[in-house]
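Subject: Structure for you to look at

Hello,

Here is the structure you are taking over. Please open it next to this email and follow along.

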Amino acid sequence: MSSPINEEKVSKLPKDGVHCFAANSKQINTRRIITIPLMVAFIALTCFFLFGENQSIPLAAIAGIACVITLLVFIQTFLIAKYRIAVDYNEKKIVLRYRYSLITIPFENFDARDGEPDRAEALLESSGLSGSKEKVYYLVLDNVLDDACYQTTTKDLASREDFFKLKEEAFAIAEAYAAAGAKIAFNCRGQKHMDEALAAYAAK
């Protein structure tokens, strides 16, 4: 299922190229600083429980798994340093690095909207304990045919300028490839609801 395409707006989008948006360098460095000593500690624990006087295969396995997880987090920092989100105008898709996988959203199924903090983040921001003096902005990137959606913030990307550039491109793509654009009901999850949203937009 595809939403109607606004050819006039599509023609205004870049015809080719890939725009990459890297992760925040502070987040990257923090993860590296934390994961390196953790990896060393888990390796030591694995060896201790495997070869020490108090051998324990279950505990060695747990320590080994923890070591692998921290290693994956460490490796991921190099991937998100290249890009956390990419807008691929060659293949007409949005690419997201989510945990240890790549998620792609075709332009035809893509929607974007302003996001909002979850309850914990909202409490931190209102209490002033978030450690940031600047207002945090949120952006939801969504495949309207899937159940899940993905949110990024000004804290996640390399700079606030990158965030607002991504937001500008995301909304332009959504408006070009969906007749309702970013105004389509965010929770469209089926043909019936999509048709209703498109009809409501057409009536405006």
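Below is what was found in it, from the overall fold down to one residue.

This is a predicted model, in which local features need pLDDT of at least 70 and side-chain atom pairs count only at pLDDT 80 or more, while totals for chains, interfaces and linings use all residues. Residues are numbered from 1 along each chain as its sequence is written, and side-chain values use heavy atoms, with hydrogens and water left out.

Overall fold

The protein has six helices and seven strands; these are DSSP runs numbered from the N terminus, with helices (H or I) of at least four residues and strands (E) of at least two. Their order along the sequence is α-β-α-α-β-β-β-β-α-β-β-α-α. Of the 204 residues, 36% count as buried, meaning under 20% relative accessible area with a 1.4 Å probe and protein chains only (exposed is over 50%, partly exposed in between). Among contacts (heavy atoms within 4.5 Å) between residues at least 6 apart in sequence, 65% join residues at least 24 apart.

Helix 2

Helix 2 covers residues 25-51 and has 27 residues. From first C-alpha to last it reaches 39 Å, close to the 39 Å expected, where the expected span is 1.5 Å times one less than the number of residues.

The core

The largest nonpolar core has 25 residues; such a core is a set of buried Ala, Val, Leu, Ile, Met, Phe, Trp, Tyr and Cys residues joined through side-chain atoms within 4.5 Å. V87, I94, L96, F110 and I173 have the most contacts inside it. Helix 5 gives the most to this core, with eight residues. Leaving aside residues up to four places away in sequence, F110 touches I94, I105, L141, D142, A170, I173 and A174.

D88

D88 lies in strand 2 (residues 85-88). Is D88 buried or exposed? It counts as buried, because its relative accessibility is 10%. Its side chain has a polar atom 2.9 Å from the backbone nitrogen of N90. Not counting residues up to four places away in sequence, D88 touches G17, V18, K93 and F107. P14 is 74 residues from D88 in sequence, yet their C-alpha atoms are 9.8 Å apart.

Regards

Definitions and conventions. A polar contact is a pair of N or O atoms within 3.5 Å; within protein, one must be able to donate a hydrogen and the other to accept it, and residues adjacent in sequence count only if both atoms are side-chain atoms.
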